[in-house]
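I set down each item as I looked it up.

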Amino acid sequence: MLSSACHQGHRFCTTVTILLLAAMTSPMLASRAAEPNYDETAVREYTLPDVLAGPDGKPASSAEDWKKTVRPHQFELLEKFCYGRRLPAVPVTVVGNVERADVMLPGDVAAVRIQAKLKLGDAADAPTTEVLLYLPKTASSNTSQRVPVFLNLNFRGNQAEHADPAIRLPTAWMPDDKAAAIENNRATEASRGTSAQRWPVEAMLARGYGMATAYCGDVFPDKADGRPASALKSLGRPVEGTLPPDEPGAIATWAWQLSRILDWLVTLPEVDPSQVIVVGHSRLGKTALWAGACDERFAMVVSNESGCGGAALSRRNFGETLDVITKRFPHWFCPALATYADRETELPCDQHTLLAMVAPRPLVVSSAVEDRWADPRGEFLSGVAAEPVWKLFGVTGLGTKDYPAVDTPVGEAITYYVRTGRHELLGYDWERFADVADRTLRKQTPPKADGYPAFHPVQSPLPVKPPAGAIVLVPERLDASAIPNTFVGMGGGPIDWKVDDGSLMVTKSEKHANHIVSTELFRDADVHAEFMTSREAKGNSGLYLHGHYEMQIYDSFGVHPPTDQDEGSLYRFGKPIVNASLPTGQWQVYDIRFIAPRRDAAGTIVKPGSVTAWLNGRCVQNELRFTEPRSPYTPYKHGVTDYLKGVEKRLLATGEGPLFLQDHGSPTRFRNVWIKRLDTP
Ligand code: GTR
């Protein structure tokens, strides 16, 4: 998305982008002046404006004082200098019918899918926006069964957020994006589900949340010349020529869209109107914060990696700066903000002012370690600086000034965390948002993922070094004659698989039942396996967890959309969130967090198990829940032996089972396979 806002006619903008891109890719250029600063010691000294100060400069003395006098004053600073004047509410009407359907989502999640086209305002040229909403099937108008809902805008249309083929294909303008199959500025059929890893509907529904989304471009196409086609026209705002300094831009218009969607959401009987949570990533994270500031009906606000002009302090010259952002994206903010480029210290407000607008509601500010452009530390410090406002309400905000370790959420009413990885919105992030909403809005203790450490597998470069405590089943490289004794054959004897070029290769059998079985047993574990498919039999193989649940290995490169038979699927339980397969002949890598189902004394599952899986750097399954095994081909049925009968008996009694590497008629190769137990039952 780097150059989406730069178009012909903005010569300077283009130049800046080129320089910036060069700087990001070339270490030589990176040291030149005017390039982004990533040196903490080169961050200038600054003093932040007092977030508690009212119009007369005096600090708020009470929560009442804040609400009545100080907040309106601080809010106006943000309007005047950053986002432009708050846009007025307009009547929202449904165009045609609200479409409702009962659907069964992957992983057997029963849901209601709702699609509605909303008209925003009465004007002849009033814009419309398409809202997509999934609710858990159990949601009802019974007060106790109303559900909290996460609402976020998306970048590439609702159809990109989920592979459900019934999602209406948008006709609005979109920035061309090959990876997302947006061509000639329009969404194509192939764009379905291309952003699904950003919107884990099934996992959130399973936790009792509804998920609502709409495309931001419905009200403001995200490009420098998008204003004439934006909703601002229908609101009577100027859309051409020189604009007043406090004229709202795209972020303000998107925030207005969120509020209008909220107007409609709260009319749905199953939605808890006091628990709608606004979420946004990146530029839409800036938007979520401004929406939360403008509209206090949002019960909780989530900023994911919103960076410059979002959660990160502008006074800190680290990563993206006002100079760069206002030139590359001149349409996002009000014109006044650009005049503070290179004189950030003179801004009457800073981004902690924005965070303070959320008080005393719960706020999540999340960063990613590799997303230095968004200045993770600057996002944290902004939360620290906003804390006094929560304190006025008698509530602890972050409650700490110490920057936390990676993957360690901190705070109370304000939650901050910096996770492993890059600029993205991931299932991990949503789980943390739900944890916070459980703890604050729903006053429940989050199901602490069984107390296990965060799961962020390292998947490159290959081979990956096994972590401390891992039990290596197949080493990174095998000597030609060294068949590992960590596996036995189906009958419990030595295996007959071969070593080929340092890796272990399937010896296929006609009945596709020459699997190998680890002698190491485990209950909950992280499993890592590197593998290479072959052309024969479509590279079919798999990792059979406990022999009951198969993470599919299959030559699925380029298959779109992937099915529950393709690589990345938990066979017969859930297709991959995204197709992450690499071509045959390349080493690929799976990391799987396997939480075993719990069984009663009779061996019946009483608590579902779950799988989170990463394939080649992408999350393909996110806490996919499963119950009794479904495949007729499990080794305990197909090709079963006395030895395996014993293994299964023990599994049902203790919850501990082996890892099988599967023969499915293809000479798939394995190397560097390890398991790391998470518990000792
Ligand atoms: C970048 C921009 C960031 C962030 C991001 C995004 O190009 O510099 O401020 O908003 O785009 O929205 O993806």
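**Entry 1: Confidence**

I noted at the outset that this is a predicted model. I looked up the confidence of the chain and found an average pLDDT of 92, with 94% of the residues scoring at least 70. I then turned to residues 1-33, where the pLDDT is below 50.

**Entry 2**

I then traced an open sheet of nine strands and wrote down its order as β1-β2-β3-β7-β4-β8-β9-β10-β11. The pairing in this sheet is mixed. Which strands stand at the edges? I found β1 (92-105) and β11 (414-419) there; each has a single partner strand, so one side of each is left without a neighbour in the sheet. I also recorded that neighbouring strands of this sheet are turned by 20 degrees against each other on average, direction ignored.

Next I looked at what packs on this sheet. Helix α12 (residues 427-440) does so, and it touches β4 (147-154), β7, β8 (271-281), β9 (300-304), β10 (363-368) and β11. The direction of α12 makes about 160 degrees with that of β11.

Strand β3 (residues 128-136) and strand β7 (residues 210-215) run antiparallel and are joined by three bridges. In this pair, Tyr 134 stands opposite Met 211 in β7.

**Entry 2: The sheet of five strands**

I found an open sheet of five strands in the order β13-β16-β25-β18-β19, with antiparallel pairing. Its edge strands are β13 (487-488) and β19 (549-553), and each of these pairs on one side only. I then followed strand β18 (residues 541-545), which is joined by three bridges to strand β25 (residues 659-661) and runs antiparallel to it. Here Leu 543 stands opposite Leu 661 in β25.

**Entry 3: A hairpin**

How many bridges join β23 to β24? I recorded six between strand β23 (residues 609-615) and strand β24 (residues 618-626), which run antiparallel. Ser 610 stands opposite Arg 625 in β24. The hairpin of β23 and β24 has two residues between the strands, and Asn 616 takes a positive phi near 50 degrees in it.

**Entry 4: Helices packed against α7**

I kept in mind that two packed helices are described by the angle between their axes and the distance between the axes. Helix α6 (residues 250-265) packs with helix α7 (residues 283-294) at an angle of about 60 degrees, and their axes are 8 Å apart. This angle makes α6 oblique to α7. The crossing of α6 and α7 is right-handed. I listed the residues that meet: Ile 251, Ala 252, Trp 254, Ala 255 and Leu 258 in α6, and Arg 283, Leu 284, Lys 286, Thr 287, Ala 288, Trp 290 and Ala 291 in α7. By class, the contact of α6 with α7 has nine nonpolar, one polar and two charged residues.

I then looked up helix α3 (residues 63-83), whose axis comes within 11 Å of that of α7 and crosses it at roughly 145 degrees. The crossing of α3 and α7 is left-handed. From α3, the residues Arg 71, Phe 75, Leu 78, Glu 79 and Tyr 83 meet Trp 290, Gly 292, Ala 293 and Cys 294 in α7. I counted six nonpolar, one polar and two charged residues in the contact of α3 with α7.

Where is Pro 360 found? I located Pro 360 in the loop between α10 (351-356) and β10. The peptide bond from Ala 359 to Pro 360 is cis, with omega near 0 degrees. A cis peptide bond also joins Ser 460 and Pro 461, with omega about -5 degrees. Pro 461 lies in the loop between α12 and β12 (471-474).

Finally I checked Asp 108, which has a positive phi of about 60 degrees although it is not a glycine. I placed Asp 108 in the loop between β1 and β2 (109-120).

Methods:
Residues numbered from 1 in each chain as written. Predicted model: local features only at pLDDT ≥ 70, side-chain atom pairs only at ≥ 80, totals over all residues. Heavy atoms only, no water. Axes fitted to C-alpha atoms, helices over the stretch in contact; angles between N-to-C directions. Helix = DSSP H or I, 4+ residues; strand = E, 2+ residues; numbered from the N terminus. Parallel < 35°, antiparallel > 145°, perpendicular 65-115°, else oblique. Left-handed = near helix turned anticlockwise from the far one by under 90°. Contact = heavy atoms within 4.5 Å. Nonpolar A, V, L, I, M, F, W, Y, C, P; charged D, E, K, R; others polar. pLDDT = per-residue confidence, 0-100. Pairing = 2+ DSSP bridges.
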